[in-house]
Structure formats: C-alpha cells, structure tokens
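Subject: Structure handover

Hello,

I am passing on the structure we spoke about.

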Amino acid sequence: MAEQRGQAADDPVMTRIGQIAMLQHAGDREEAQQRFAALWEEIGPHADPLHRCTLAHYMADTQQDPAEELRWDLLALEAADGLTDGSAAPAVRGFYPSLHLNLAADYARLGRPDTARDHLREARAHVDALADDGHGHQVLGGIERLERELAAADGPAQGTPGSVGRPRAEGEAGGG
C-alpha cells in the first residue's frame, strides 16, 4: 500500500479519494458517500482502473444496504481485474485479499455462506501479497474471523442468514 500512498501524492484523483476517506473515517459517512458518488460520476466508467477500484472499495464502506455494498465491492474487484499490466498492477495485487474478504463478508451478511467461503478461499490465495504491517495484519485477522464465524454458523447452533458479523477491513484499498 505504500506504493499507492506515493501515487496519491502525484495523482489528484487519488488525493481527492483520500480526502473524502478522511471524512468517512471521521464518522461522516453520509457526506463521504455523497462526495464519492459525485467523484464516481465525474471520473466516469472508463477512468483509470486504479481510481475506479479504490473509489468503489471506499464507496462500498459507506453503504447501509448490504446489497449495495456488494454491488460496489464487485465494481472494485472488476476494476482491479482490469489492472493486469502497467505500473499500478503490482500495487493492486495487494488489494485482492481485502477485496475478496469484503466480498465474503457481503455474501455472508446476505445469507450466502457458500459464496462467502469461495471469496475467503480467494482472499487466502492472495495473502502472500500482503505486507507484514498493520494493514496486512488487519486483513489477515478479518479473514480468520470470518472463517471462524462461518464455521460456527455451520455448527449445531446454526446462524440465521445475515447473522455473521462484519469483518471488513474498512478502507484498505485506499491504504487505510
């Protein structure tokens, strides 16, 4: 994520995303959501995939509706998949554990544990791209928590759809 922080200093769109994310992290979810939505409209569907990935990832964190959160997380993954080459591709590789963790959490909340487990497997398959830092530990911890929660829901006292917690690693794509 350090590469992304360096890029933000030279990239006005990434700087704006970071500024809006600060609102979000300060607790002003509604204002952040409005500003993210305006920026999403401004950059458009053909914008740099790194911008779309980061913005969609943060936008997902502002959603109250789990289905909308899932929609934004899917957009973030789609954009990340569009970064297969170029200078941002190595940085985006480190996004995959977080992106798949967030999708797993979305699907768990929506009562789709099998799809959640599929995304947890994808998250695990990419953990080698995580740095040995706070961010990496946060994502890995989220994967482990959701795995435990899904396993517990499979046990004798089965959970109800949507009863699994929210292990999202909020704002990872933005280096938070």
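The average pLDDT of the chain is 85, and 78% of the residues reach at least 70. Where pLDDT is low, the predicted coordinates should not be read in detail.

The aromatic pairs number 2. In one of them, Phe-36 and Tyr-58 have ring centres 5.9 Å apart and planes at 15 degrees, so the pair counts as stacked. Phe-36 belongs to helix α3 and Tyr-58 to helix α4, so this pair ties together parts 22 residues apart in sequence. Both of these residues, Phe-36 and Tyr-58, are buried. For Trp-40 and Trp-72 the ring centres are 5.0 Å apart and the planes stand at 85 degrees, which makes the pair edge-to-face. Trp-40 sits in helix α3 and Trp-72 in helix α5 (residues 66-81), 32 residues apart, so the pair links distant parts of the chain. Trp-40 and Trp-72 are both buried.

Two aspartates are also worth a look. Asp-48 is in the loop between α3 (29-43) and α4 (49-61). Its relative accessible area is 34%, so Asp-48 is partly exposed. Asp-106, in helix α7 (residues 96-109), is buried, with a relative accessible area of 0%. Its side chain makes a polar contact with the side chain of Arg-109 at 2.9 Å.

Regards

Key. Residues are numbered from 1 along each chain as its sequence is written. This is a predicted model: local features need pLDDT of at least 70, side-chain atom pairs count only at pLDDT 80 or more; totals for chains, interfaces and linings use all residues. Side-chain values use heavy atoms; hydrogens and water are left out. pLDDT is the predictor's confidence in each residue, from 0 to 100. Helices (H or I, at least four residues) and strands (E, at least two) are DSSP runs, numbered from the N terminus. Buried means under 20% relative accessible area, exposed over 50%, partly exposed in between (1.4 Å probe, protein chains only). A polar contact is a pair of N or O atoms within 3.5 Å; within protein, one must be able to donate a hydrogen and the other to accept it, and residues adjacent in sequence count only if both atoms are side-chain atoms. Rings of Phe, Tyr and Trp (its six-membered ring) pair if their centres lie within 6.5 Å; planes under 30 degrees apart count as stacked, over 60 as edge-to-face and the rest as tilted.
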